[in-house]
Amino acid sequence: MNDKIADLAALRAKKRQAKRKCPVCRKPASEGSRPFCSEHCRRVDLDRWRTEAYRIPVEENDEEDSAPKPAEETEEES
């Protein structure tokens, strides 16, 4: 039974690797530059990180700053 499970896990891993595409140009990834297809795409991605092209949008909320202090903190200050 354990041999069957190991075989299925190996088969699934092979399928996942075969389907993976380069995140820059969407060509199939190569083993030597994984997850990219080439050294060129690897460098393009690194340059995007370096120039901060990848960003997570953040919305600032003013409600957090103006919230009243809890009663416990005001009693300790006295």
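Which cysteine sulfur is closest to the sulfur of cysteine 41, and how far away is it? In this predicted model, the closest one belongs to cysteine 37, and the distance between the two sulfurs is 3.7 Å. A disulfide requires the sulfur atoms to lie within 2.5 Å, so cysteine 41 and cysteine 37 are too far apart for a bond.

Cysteine 37 has its own closest cysteine sulfur, that of cysteine 25, at 3.4 Å. This distance is also too far for a bond under the 2.5 Å cut-off. By this rule the structure has 0 disulfides. Cysteine 37 counts as buried because its relative accessibility is 18%, and the limit for buried is under 20%. Cysteine 41 is buried as well, at 5%.

Helix 2 covers residues 39-50. After helix 2 comes glutamate 52, which has a positive phi, near 60°.

The next feature is a contact between rings. The structure holds 1 aromatic pair. The pair consists of tryptophan 49 and tyrosine 54, with ring centres 4.7 Å apart and planes at 65°. Planes over 60 degrees apart count as edge-to-face, which is why this pair is given that name. The two partners fall into separate accessibility classes: tryptophan 49 is exposed, with a relative accessible area of 53%, whereas tyrosine 54 counts as partly exposed, at 33%.

Key
Residues numbered from 1 in each chain as written. Predicted model: local features only at pLDDT ≥ 70, side-chain atom pairs only at ≥ 80, totals over all residues. Heavy atoms only, no water. Helix = DSSP H or I, 4+ residues; strand = E, 2+ residues; numbered from the N terminus. Expected span 1.5 Å × (residues − 1). Buried < 20%, exposed > 50% of the residue type's maximum accessible area, 1.4 Å probe, protein only. Phe/Tyr/Trp six-rings, centres within 6.5 Å; stacked < 30°, edge-to-face > 60°.
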